[in-house]
Amino acid sequence: MFYKAIVIGAGPAGLFAAYNLSENGVSTLVIEKNKQLGRKLLVSGNGQCNFTNASKLETFTNKYGDNFSFIKHALNTFTNKDSMNFFNSCGIELEIANSNKVFPKSRNSEDILGALVKSSKLNGTQIKAGIIIDKIIEYDGIFQISTIESGENESFTTENLIIATGGSSYSHLGTDGFGYEVAKQFGHKIMPIRSSLTNIIANEDIYFSLSGVSFKNVELIIWRNGKKIKEKTDDLIFTHTGISGPVILNSSRWIQENDLLTFNLINKPYEILQKELEIGLNKYGKEQIGTYLKRFEFPKSFIGILLSILDIAPDLKCANISKQERKQIAMYITKMPITVKKVGDLKNAMVTAGGVSLKEVNPTTFESRKQKGLYFVGEVLDIDADTGGYNIQAAMSMGCVCANNIVRKEKLNVH
């Protein structure tokens with residue numbers, strides 16, 4: 001059976017591409033290997049589906065690692081406001097929560113998935129789920145996709161093939177890296193696959209007892225072999241095996257085993273804090289150091305670990321803190337060191353970093369630079385975003401731009 005466009009993958013990128021194609025009269029088929037559509041979308045935001053962010057579009061610049069320039073055109077073409085308007089038009093009430101995250105008011109991801117599926121089907125998109133693709137062959141600009149469904153073989157042909165299969169993270173939801181194999185078949189380079197939006201397992205088990213303790217607005221610096229790699233500022237959370245929270249999740253794409261991470265817990269330079277401590281320890285000389293440090297709003301459990309690491313007795317009077325000890329306290333608070341034992345694996349990572357090389361895909365159409373009529377959208381590409389709705393927004397923006405290009409192409413062919 002022939003379709004003007006075939007989409008492989010029924011996540012937000014694939015479904016939204018299909019919606020835009022079929023809305024403009026392009027006959028479209030979506031093939032999904034899972035029987036359940038949008039499985040990863042359903043678990044996003046703990047099942048609440050934070051699908052975009054209501055911040056001004058110019059603040060999106062630093063949310064896509066080092067690859068914002070690639071996604072910029074798509075985000076400007078189909079914006080975060082456009083996403084919100086689309087779901088509103090589907091009858092879904094929205095809610096803006098902390099950090100401008102946008103959710104369905106129901107906090108149910110099924111509403112978002114349902115809107116994407118229904119809007120596509122209403123326009124005539126055919127969706128086939130539980131389909132295994134056996135092989136893809138291209139000949140003279142036509143793609144033939146051979147499939148297996150319940151032991152039955154079937155084949156479909158198209159001039160426009162969109163790969164929207166996602167990455168390799170959350171493999172229990174069916175993301176198996178199939179899109180990378182298709183890309184390689186057509187000569188594409190795959191950038192190293194690694195975890196993103198994942199936790200860090202620390203070497204220092206002394207911190208494990210702090211599980212659940214959090215700090216706001218922490219500056220993180222990643223060091224490798226004595227060289228600064230990246231820095232990021234956001235909230236930090238201790239876990240029972242290490243560290244997490246937005247500052248870690250949004251930096252995990254750059255972090256490797258054995259990296260040194262330093263944290264400024266107070267958002268003040270060492271020199272300023274050192275001076276403050278000098279004045280404060282003098283002023284509250286009769287107070288115990290453990291009590292005095294509570295003035296910085298540090299949790300009691302953290303103060304205990306801080307003093308234990310620095311080998312300072314918690315009941316030592318502030319007046320008896322030596323100059324060297326004062327400097328050590330200031331250094332620890334502004335440059336708390338944690339070494340990376342392991343980065344959370346792909347099985348538990350929310351997003352995949354790496355993927356189809358961006359140099360080989362046109363960012364204004366998402367068409368392959370190596371194979372005419374072949375498109376890549378969403379997480380299969382070497383682009384990943386911070387937590388906060390930026391990944392799903394990017395997926396929908398890419399799906400829209402890709403579809404618009406195919407629609408333009410089809411209209412030119414008609415004339």
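Arg-295 and Glu-287 form a salt bridge, with their closest N and O atoms 2.7 Å apart. The model is predicted. Arg-295 has a relative accessible area of 43%, so it is partly exposed. Glu-287 is partly exposed too, at 21% relative accessibility. That value sits just on the partly exposed side, because buried means under 20%.

Side chains of opposite charge can pair when their charged atoms come close. One of the bridges pairs Glu-379 with Lys-40, at 2.8 Å from N to O. Glu-379 sits in the loop between strand E18 (374-376) and helix H12 (390-414), and Lys-40 sits in helix H2 (residues 39-43), so this bridge ties together parts that are 339 residues apart in sequence. Glu-379 counts as buried, because its relative accessibility is 16%.

Another bridge joins Lys-105 to Glu-93, where the closest N and O atoms are 3.8 Å apart. Lys-105 belongs to the loop between strand E5 (101-104) and H5, while Glu-93 belongs to the loop between helix H4 (80-89) and strand E4 (94-96). The two residues are 12 apart in the chain. Lys-105 is partly exposed at 48% relative accessibility. Glu-93 reaches 54% and therefore counts as exposed.

The loop between E4 and E5 holds Ser-99. Ser-99 is not a glycine, yet its phi is positive, at about 60°. Its relative accessibility is 54%, so Ser-99 counts as exposed. Asn-100 lies in the loop between E4 and E5 as well. Phi of Asn-100 is also positive, near 65°, again in a residue other than glycine. Asn-100 has a relative accessible area of 33% and is therefore partly exposed.

Next come the helices. Two packed helices are described by the angle between their axes and the distance between the axes. Take helix H1 (residues 12-23) and helix H5 (residues 109-122). Their axes come within 8 Å and cross at roughly 30°. H1 is therefore roughly parallel to H5, since angles under 35 degrees count as roughly parallel. The crossing of H1 past H5 is left-handed. H1 brings Pro-12, Leu-15, Phe-16, Ala-18, Tyr-19 and Ser-22 to the contact. H5 brings Leu-113, Leu-116, Val-117, Ser-119 and Ser-120. Sorted by class, this contact has 8 nonpolar and 3 polar residues, with no charged ones.

Now turn to helix H8 (residues 270-283) and helix H11 (residues 323-334). These two pack at an angle of about 135°, with axes 9 Å apart. H8 and H11 are therefore oblique to each other, because roughly antiparallel needs an angle over 145 degrees. H8 passes H11 in a right-handed crossing. On the H8 side, the contact is made by Tyr-270, Leu-273, Gln-274, Leu-277, Glu-278 and Leu-281. On the H11 side, the residues are Arg-326, Lys-327, Ile-329, Ala-330, Met-331, Ile-333 and Thr-334. The contact of H8 with H11 divides into 8 nonpolar, 2 polar and 3 charged residues.

Note on methods:
Residues are numbered from 1 along each chain as its sequence is written. This is a predicted model: local features need pLDDT of at least 70, side-chain atom pairs count only at pLDDT 80 or more; totals for chains, interfaces and linings use all residues. Side-chain values use heavy atoms; hydrogens and water are left out. Axes are lines fitted to C-alpha atoms, for helices over the stretch in contact, and angles run from 0 to 180 degrees between N-to-C directions. Helices (H or I, at least four residues) and strands (E, at least two) are DSSP runs, numbered from the N terminus. Angles under 35 degrees count as roughly parallel, over 145 as roughly antiparallel, 65 to 115 as roughly perpendicular and the rest as oblique. A crossing is left-handed if the near helix is turned anticlockwise from the far one by less than a right angle, and right-handed if clockwise. Contact means heavy atoms within 4.5 Å. Ala, Val, Leu, Ile, Met, Phe, Trp, Tyr, Cys and Pro count as nonpolar, Asp, Glu, Lys and Arg as charged, and the others, Gly among them, as polar. A salt bridge is a side-chain nitrogen of Lys or Arg within 4 Å of a carboxyl oxygen of Asp or Glu. Buried means under 20% relative accessible area, exposed over 50%, partly exposed in between (1.4 Å probe, protein chains only).
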